[in-house]
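Okay, everyone, let me put today's model up on the screen. I'll talk through a helix pair and a charged pair.

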Amino acid sequence: MNMSPKYESKCSKRKVLTVTIDVLLVGSVALCAGLVHLLMTPYRRGFYCDDESISYPYHSSTIPSTVLYLVGFGLNFLLIFIVEALWIPKGVAGLILPTSSKTSDNENHDGPGSSPSRMTLYLCAVYNVILPFMFGGALEFLARGIAKYSLGRLRPHFLAVCQPDQSSFNCSTGYIENYKCTGDVDVINQARLSFPSGHASFSVYSMLFLILYIQSRMQWRQAVILRPWIQLILFLMAFYTCISRVFDNKHHWSDILAGAIWGILVSMFVVFKVSSLFPRSRLLCPTSSYHHPTTTKL
């Protein structure tokens, strides 16, 4: 039985409302994360004069933040758009639709009583992957920022960029709290944001999300090694990003470990609790029982 135009209109309005609410909620988390990084100031922590863990020389980043986020977001977007485009057309023929009309006249249209077009299904599939990924990225950025600014742990190169005025304190007193830095203020503030490592948390989050996405989607049995090969490359990218923060003297090993753990937790939460990759239990399009064909055989 074909659905009435009134029912179709009601479903369309519901979908628009659902999308709007989802986008606003993700945007609110991202806004909060941005405000934390813009408005909060790092906690001013003291130091010991003989603390060798903060006496390393300053080095520029092997992987700058711009490269980190461009690769993390860009690679996820690129693969998601490509993989969904490759698999959606194969799933259209097997759709079990709530309508009896499957003729070629309405196959590629979204009119009342017709099946969703391939473009509609593609956009729905991309939406159901991209939005959870963006939510996880905002969540990772928010919690990481709160921890960084609240704890104010000093980076390994802190003394090199602080260049403390030694006439303003006496090392014999032990822990120095009242001191004056003579270096660049912005660089000094960044040197107070060691824990946890943002590079580690975001690289692990973005690459692990992509690894799990590929595990869910790529089921090419003719190329058995292709999927684990791609996943290995993604893992090594995250791993190298983490260790680069150590030899660049940007973080202590515990900062890296904490950031990696946080990235893993956020990625697992988003993949298994927010998204529907394992399996796809709910889609934006309630008018069809479409399920991604690659999620049926894992």
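So, is the crossing of helix 3 and helix 6 left-handed or right-handed? It's right-handed, going by the rule that the near helix is turned clockwise from the far one by less than a right angle, with anticlockwise being left-handed.

Quick housekeeping: this is a predicted model, where local features need pLDDT of at least 70, side-chain atom pairs count only at pLDDT 80 or more, and totals for chains, interfaces and linings use all residues. Residues are numbered from 1 along each chain as its sequence is written, and side-chain values use heavy atoms, with hydrogens and water left out.

Back to the pair. Helix 3 is residues 118-151 and helix 6 is residues 198-217; helices here are DSSP runs of H or I, at least four residues, numbered from the N terminus. Their axes come within 10 Å and cross at roughly 160 degrees, the axes being lines fitted to C-alpha atoms over the stretch in contact, with angles from 0 to 180 degrees between N-to-C directions. Helix 3 and helix 6 are therefore roughly antiparallel, that is, over 145 degrees.

Who's touching? With contact meaning heavy atoms within 4.5 Å, helix 3 brings residues including Phe133, Gly136 and Arg144, and helix 6 brings residues including Phe202, Tyr205 and Arg217.

Arginine 217 also forms a salt bridge with glutamate 84, closest N and O atoms 2.8 Å apart; the cut-off is a Lys or Arg side-chain nitrogen within 4 Å of an Asp or Glu carboxyl oxygen. Glutamate 84 sits in helix 2 (residues 65-92) and arginine 217 in helix 6, so the pair ties together parts 133 residues apart in sequence. The structure holds 3 salt bridges.

Technical notes
Helices (H or I, at least four residues) and strands (E, at least two) are DSSP runs, numbered from the N terminus. Angles under 35 degrees count as roughly parallel, over 145 as roughly antiparallel, 65 to 115 as roughly perpendicular and the rest as oblique.
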